[in-house]
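Morning, everyone. Please bring up the model, and we will walk through its pockets, its cavities and its rings.

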Amino acid sequence: MAEAHKPRLAVWKFASCDGCQLSLLDCEDELLAVADAIDIAYFMEATRGHISGRYDLSLVEGSITTAHAAERIREVRRISDVVITIGACATAGGIQALRNFADVKEYASIVYARPDYISTLATSTAIADHIRVEFELRGCPINKRQLVEVVSAYLAKRKPVTPAHSVCVECKLRGTVCVMVAHGTPCLGPVTHAGCGALCPAYDRGCYGCFGPMETPNAPALSDWLSRLGMDDRSISRVYSTFNTDAEPFREEKERHGR
Amino acid sequence: MEAGREQSVLTVAGVEALFAALRDRGYRVVGPTVRDQAIVYDDIAAVDDLPRGWTDEQDGGHYRLNRRDDDALFGYVVGPHSWKKFLHPPRQRLWSAKREDGETRVTADVTEPPRFAFIGVRACELNAIAIQDRVFLGGPFADPHYQARREDAFFVAVNCGQAGGTCFCASMKTGPKAEAGFDLALTEMLEGGESRFLVEVGSDEGRDVLAALPREPATAADEATAIGIVARTTASMGRAMPEGDIRELLLENLEHPRWDDVAERCLTCGNCTMVCPTCFCTSVEDTSDLTGTETSRERRWDSCFTMDFSYIHGGSVRSSAKARYRQWMTHKLATWFDQFGTSGCVGCGRCVTWCPVGIDITEEVRAIQGGD
């Protein structure tokens with residue numbers, strides 16, 4: 001009798017900090033089940049073993065920042081049936097997309113002793129700007145429960161449960177007191193995509209927007225309120241200038257409030 | 001015998017004895033308590049767990065906890081939570097299924113809910129529960145999960161001794177005095193820094209519980225004091241719903257420019273619906289594990305402000321913020337009458353206070369009424 005085909009998984013890294021790949025390794029309790037259900041064929045952060053050929057599922061971390069990466073991601077697409085991007089770098093360009101609003105040569109001259117060794121693009125862009133992707137999982141870093149959910153959904157051929165509503169809904173589901181209304185703490189929760197389980201407000205901090213814009217963000221209306229809470233334009237611009245700074249609604253709002 | 005006419009007076013020690021008596025009868029006692037700089041609803045063991053000496057300051061998008069200059073046990077109004085979180089929990093597993101040896105077995109969720117005793121339920125909240133009763137228990141199909149949590153619950157109401165900045169129950173005729181739906185109702189009377197509670201009996205179970213507590217009969221003066229307290233609260237509401245036929249007003253103004261105006265401000269974050277004690281909408285989520293042998297279906301609170309909520313084949317029906325805000329408000333204040341026979345609003349003010357940008361439902365109605 002023929003053995004059931006185990007899907008082959010590859011995990012690819014582009015410009016990123018590796019934190020999202022670590023989330024997969026961090027799935028301690030589920031990792032054995034993952035390894036049972038799929039063949040981990042290429043995952044440099046976990047193993048030197050490498051099975052070449054085609055992959056059923058490719059998880060892609062990181063953004064495109066070099067001409068070489070732009071070539072390589074097309075190759076990943078060519079050899080993968082399903083491409084799922086993981087994390088803010090892969091879905092929005094990441095924190096390194098701050099270069100998109102600056103002169104990358106100037107940045108390189110500050111950071112590197114020999115900037116002439118650096119060959120880089122002027123921008124950091126999302127994977128979906130270069131190839132077709134089947135699904136984008138948000139977060140900086142991604143939430144490991146959501147990653148397991150996405151892989152489970154892929155295996156069961158169903159839609160993953162990763163709602164695109166606001167972080168506020170998650171706060172309310174867990175009974176967290178609103179930090180903005182009750183404490184006056186600035187919070188990006190109302191314009192931010194759910195997924196983290198409303199982590200920061202549960203520890204008395206405002207949302208930093210790690211999961212990027214929610215499905216229908218109204219950032220200008222939130223910013224008006226943030227200024228009523230005492231934030232100046234520069235501060236408002238900065239809260240939108242983090243891990244998802246080049247996601248359109250955040251970029252527009254950042255620019256509306258100056259650099 | 002008319003239930004409402006038996007009145008007696010409890011001291012703070014009597015309220016303490018009430019909690020103990022409820023626990024002895026097997027109730028899980030939940031009530032207001034201070035957490036994260038707000039008054040939330042959670043398990044309470046004793047009078048000391050109540051927000052004694054605290055009050056709240058509320059306005060659109062604004063809530064602060066402040067110290068009172070007395071030791072009142074119930075000197076505040078309603079906070080971010082409502083009793084909905086106990087009767088209609090945010091997440092409810094409906095069933096799970098397991099595949100073993102080629103067979104699939106489905107198991108309904110049969111966890112027996114606790115018998116709740118709710119302490120400090122306000123008149124607006126009793127009205128909200130009565131509304132959810134019509135939603136979940138009225139009609140041919142009763143919701144078994146809600147029913148199991150609801151039917152044996154014990155309600156200790158509190159008649160409000162003050163109104164909050166976003167309260168408008170008086171204009172919705174849902175408070176501030178608890179008229180029905182309670183087992184016992186308290187009115188806190190502060191005299192010389194000392195709290196005494198006029199108790200009204202609302203049910204046989206309430207009468208039985210009260211009978212075992214240390215108490216004294218209420219005097220005519222006590223009754224007059226309690227009436228005065230409620231009258232003062234009625235007169236000091238922070239907000240008011242405009243008078244007139246709101247249902248007709250809204251349904252005749254579905255294209256009013258004010259909907260565009262509010263859509264500019266609305267974050268579509270869903271907070272108003274989550275904090276509303278009558279909003280009942282849910283979504284169901286199916287999850288399966290990695291091995292594909294176990295699956296479960298869970299019901300969780302959803303909101304008419306999410307895109308998924310109105311998603312049908314091809315897309316979301318209400319894609320604009322305008323359409324979603326209008327849906328929420330016209331359902332709450334207008335079509336709720338057609339569906340359930342009453343307004344869906346009880347004037348508790350939560351949607352006003354907990355809207356991150358302070359959108360005020362009474363103000364939106366007023367703007368439409370004024371022809372702005």
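Which strands each supply at least two residues of the lining of the second largest pocket? They are strand S5 (135-137) of chain A together with S13 of chain B. Strands here are DSSP runs of E, at least two residues, and helices are runs of H or I, at least four residues, numbered from the N terminus.

Some ground rules. This is a predicted model: local features need pLDDT of at least 70, side-chain atom pairs count only at pLDDT 80 or more, and totals for chains, interfaces and linings use all residues. Residues are numbered from 1 along each chain as its sequence is written, chains are lettered from A and ligands numbered from 1 in the order written, and side-chain values use heavy atoms, leaving out hydrogens and water.

Stay with that second largest pocket. It holds about 610 Å³ of space. A pocket is an open set of points on a 1 Å grid over the protein atoms alone, with protein on both sides within 12 Å along at least five of seven lines; lining residues have an atom within 4 Å of a point. A volume is the space filled by probe spheres set on the points, which are joined across faces, edges and corners. The lining has 24 residues, and A:Lys159, A:Pro160, A:Thr162, A:Pro163 and B:Asp308 lie nearest the centre. S13(B) gives the largest share, 4 residues. By type, the lining divides into 11 nonpolar, 4 polar and 9 charged. Nonpolar covers Ala, Val, Leu, Ile, Met, Phe, Trp, Tyr, Cys and Pro; charged covers Asp, Glu, Lys and Arg; the others, Gly among them, are polar.

A:Lys159 also lies over the face of B:Tyr311, 5.9 Å from the ring centre. The rule: NZ of Lys or CZ of Arg within 6 Å of the ring centre and within 35 degrees of the ring normal.

Now the largest pocket. About 940 Å³ of space lies there. It is lined by 33 residues, with A:Arg145, A:Glu149, B:Glu285, B:Thr287 and B:Glu298 nearest its centre. Its lining splits into 8 nonpolar, 12 polar and 13 charged.

Next, cavities, where a 1.4 Å probe fits but cannot get out. There are 7 of 30 Å³ or more. Of its 14 lining residues, B:Cys266, B:Cys272, B:Tyr325, B:Cys355 and B:Ile359 are the closest to its centre. What is the make-up of that lining? It is 11 nonpolar, 3 polar and no charged.

On to rings. Over all chains, 22 aromatic pairs are counted. Rings of Phe, Tyr and Trp (its six-membered ring) pair if their centres lie within 6.5 Å; planes under 30 degrees apart are stacked, over 60 edge-to-face, the rest tilted. B:Trp83 and B:Phe86 have centres 6.2 Å apart and planes at 35 degrees, so this pair is tilted. Both are buried, meaning under 20% relative accessible area with a 1.4 Å probe, protein chains only. B:Phe86 and B:Phe116 are tilted too, because their planes sit at 55 degrees, with centres 5.3 Å apart. That pair links helix H2 (residues 84-87) to strand S8 (residues 116-121) of chain B, 30 residues apart.

S4(B) and S5(B) run antiparallel, joined by 6 bridges; strands pair if DSSP finds at least two. B:Trp54 has B:Arg67 as its bridge partner. B:Arg67 also lies over the face of B:Trp54, 4.1 Å from the ring centre.

Definitions and conventions. Buried < 20%, exposed > 50% of the residue type's maximum accessible area, 1.4 Å probe, protein only.
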